[in-house]
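Work through the exercises below with the model open. Try each task before reading its solution.

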Amino acid sequence: MPRNAQITKDRILDAASRLFYAEGIRSVSVDAISEKAGITKKTLYFHFKSKDDLITGYLASRDQPTLALFSKWFEEAEGSIEEKVKAIFLNIAQTARHPKWRGCGFLRTAAELANMPGHPAIRAGATHKQNVEEWLTGHITHAGLQNAEILGRQIAVLLDGAFTAAQIHRDPDYIETAGAAAATLLRCQSGDKK
């Protein structure tokens, strides 16, 4: 793709990301995205064949940046695997205290598309969630804990539950509570290792 075309596509994705996250995918029109990106609707459709294609692109574009942020928080935390995983939850809780926080865009999109299980954006969201689970499992394996795949899945479930509870209750403390539970799971397995 030529450089200018990639810049335009990135601008569209950035505009879509901001609007979809703030307002939800169903309430945001292609016209609104075109306007925010400073392009024509025709240009948008040149890069994305449909709104569904754009929604899928939005989620796919959030996968690696989200994993990179989790990695940053994990690497910056001092201490054991328990403390490092707990730090991810604590950082999410801090982010959730911002007035513009709207929860997990992957989960929100899945909820909006619940009646369309075959939608490509659902698959993009599932891929992201699987990537997070595998990333967690890799770190747990590296720490030498047994049952790493089960622990990775349990912590991934705690993450999604934390996002959901914090959004429903408008209380980031739920995320911190889930982080403490994740640390306890890991600590129990560390104890079994000894």
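The model is predicted: local features need pLDDT of at least 70, side-chain atom pairs count only at pLDDT 80 or more, and totals for chains, interfaces and linings use all residues. Residues are numbered from 1 along each chain as its sequence is written, and side-chain values use heavy atoms, with hydrogens and water left out.

**Exercise 1. Describe the largest pocket and its lining.**

Step 1: terms. On a 1 Å grid over the protein atoms alone, a pocket is an open set of points where a 1.4 Å probe fits, with protein on both sides within 12 Å along at least five of seven lines; lining residues have an atom within 4 Å of a point.
Step 2: volume. The largest pocket holds about 810 Å³ of space, counted as the space filled by probe spheres set on the points, which are joined across faces, edges and corners.
Step 3: lining. There are 29 lining residues, and Tyr21, Arg62, Trp101, Gly103 and Gly105 lie nearest the centre.
Step 4: helices (DSSP runs of H or I, at least four residues, numbered from the N terminus). H4 (51-76) is among those that supply at least two lining residues. H4 gives the most, with eight.

**Exercise 2. Find the residues that touch the most other members of the largest nonpolar core.**

Step 1: term. Such a core is a set of buried Ala, Val, Leu, Ile, Met, Phe, Trp, Tyr and Cys residues joined through side-chain atoms within 4.5 Å.
Step 2: members. The core has 52 residues; Phe20, Ile33, Leu54, Phe89 and Ile175 touch the most other members.
Step 3: sources. H1, H2 (30-37), H4, H5, H7, H8 and H9 each supply at least two core residues.
Step 4: one member. Beyond four places in sequence, the contacts (heavy atoms within 4.5 Å) of Phe20 include Ile33, Leu54 and Arg108.

**Exercise 3. Is Gln189 buried or exposed?**

Step 1: place. Gln189 sits in H9 (residues 173-193).
Step 2: cut-offs. With a 1.4 Å probe and protein chains only, buried means under 20% relative accessible area, exposed over 50%, partly exposed in between.
Step 3: Gln189 has 11% relative accessibility, so Gln189 counts as buried.
Step 4: contacts. Beyond four places in sequence, Gln189 touches Leu145, Gln146, Asn147 and Leu151.
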